[in-house]
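Reader: Could you take me slowly through one part of this structure, the aromatic rings and how they sit against one another?

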Amino acid sequence: MRKVTYTVSAEQASRLLGDWYDEGPAYLALSGAFRALILDGRLPSGTRIPSERVFAAQSRISRNTVTAAYGLLRDEGYLEGLRGAGSITALPGSGTRRARPTSVTTGDTGKSIDLTVTQVPAPEPLLTEAVRVAAGHIGRHSGELVHDRIGLRELRQTIADRYTARGLPTSVDEIMVTTGAYQGWGLLLRLLVRNTDPVVLDSPTHPDAVQAVRSLAGRPVPVALGLEGWDPDLMASVLRQAKPVLAHLMPDHHDPTGLVMPDDTRRAVIRVARSSGTLLVADETLSDLTLDGSAPTPLASFGRRGEVVTIGSLSKVFWGGLGVGWIRAGRSLISRLAALRGPGDAGTSVVDQLTAYVLYESFDSVLHAHRRRLADRRNHLAAALRRDLPGWRFALPRGGLCLWVDLGERIGPQLVSAASQYGVKVLSGSCFAVEGSLDGYLRLPYVLPEEKLAEAVGGLAKADRLVRSNGQSGRPLVGTTSIVKGAVRA
């Protein structure tokens, strides 16, 4: 029998399953609901699920129904273990892992409409002018013999001041400049994670976060995002059992789901991480992109100093090619991270840092225009989907860069292939699964101009009709609640 990653209680399993009964025999609906959770990685391989007796009592259904459902799942290879001896989730044929892209950025310059990227256009002519001004200041640093591995003080002070303005007092010594947010995540992994150490991640999450863990021989442990997003009780259970050193969360405008962690949940997650001795890493790459309502309060504001490390980047406000991010952490951890860099990583380009410092002078005006443009494009994409693909489900996110769409059936890979025939490049949900498939979902960014988004939706509608008319549909997503919070048939 495979190694147990963690155990879920009957109450936790019931919350993940949601309103699982649809129609027909109850045991088929229940097995379908469990199967969907296992395939999507929300009950990852190696999870011990409740016994038949305990789950039947919690759910107030016949034990015979649960026994029949579990038996079917064992026959199909989704459960291991003997009746009465515990049931462990599995993926049939999981000895070979499906290959996934290491990044969602393709850099395609062809005529196809590329919905695989979430890069924002550079603010020109502002960027060019910032580079020119930065070049004029390079002389102040060209005589330095050692490249500063922590970053230019003036840029770190500017970043620290923005945190302070957001209600999170921060000193310049608590900031280290990196070459993007994911370099910061990689440095934290290199410093704190040893071979096969468990690292907790949201499920789904950005593929680069998962790839970084695997490339450094860590063991990704997914914690499912349910209908309400993060479940502190489930998080506490996983942290207590897996005992991870690190947990990577994206609490603000989560990529790909668009969820925002409520304040009460932020407090609860920090409490459970404190109890398990787990260091929380909050990826705030998208925190500035609030399109509706008030901006989220930084996760670190709810904890004690040093309990939450924050990583961020300028890529989603200014330009991905700028290559400037940061880590916000305690002084001691910053010093250890700086010592880890080099000789292959001597620090972030001085020219890029100076350019970022100049751009910060226009941060608020650029961000305001950027938010207005993104809100218009988000609404345009949503309207086009409601018109041309009324069977797709999604919730309008408060911010971020994409919609997370529930297709209703596991046809994501077929749809991706068909869409390419109509000139649209798109990613299936499987790219964002820590484990399992999430093949019933698509991520649709809204960074392109409105006319391109409308054209893309037209191509997706043709692809959808082709896939379903040819009988290429996968298993329906019956018997489980969509992870798209508040999703309705548009």
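**Aromatic rings in pairs**

Author: In this predicted model, a search of the whole structure turns up 6 aromatic pairs. One of them joins tyrosine 360 and phenylalanine 363, whose ring centres are 5.3 Å apart with 15° between the planes, and this pair is stacked. Tyrosine 360 has a relative accessibility of 10% and therefore counts as buried, and phenylalanine 363, with a relative accessible area of 1%, is buried too.

Another pair has another geometry: the rings of tryptophan 404 and phenylalanine 432 have centres 5.9 Å apart, and because their planes meet at 85°, the pair is edge-to-face. This pair links distant parts of the chain, since tryptophan 404 belongs to strand β14 (residues 402–406), while phenylalanine 432 lies in the loop between β16 (427–428) and β17 (441–445), 28 residues apart. Tryptophan 404 is buried, with a relative accessible area of 1%, and phenylalanine 432 counts as buried at 0% relative accessibility.

Rings can also be joined in a cluster, as ring pairs link Phe34, Phe55 and Tyr70. A charged side chain may face a ring as well: arginine 328 lies over the face of tyrosine 163, at 6.0 Å from the ring centre.

Conventions
Residues numbered from 1 in each chain as written. Predicted model: local features only at pLDDT ≥ 70, side-chain atom pairs only at ≥ 80, totals over all residues. Heavy atoms only, no water. Phe/Tyr/Trp six-rings, centres within 6.5 Å; stacked < 30°, edge-to-face > 60°. Buried < 20%, exposed > 50% of the residue type's maximum accessible area, 1.4 Å probe, protein only. Helix = DSSP H or I, 4+ residues; strand = E, 2+ residues; numbered from the N terminus. Lys NZ or Arg CZ within 6 Å of the ring centre and 35° of its normal.
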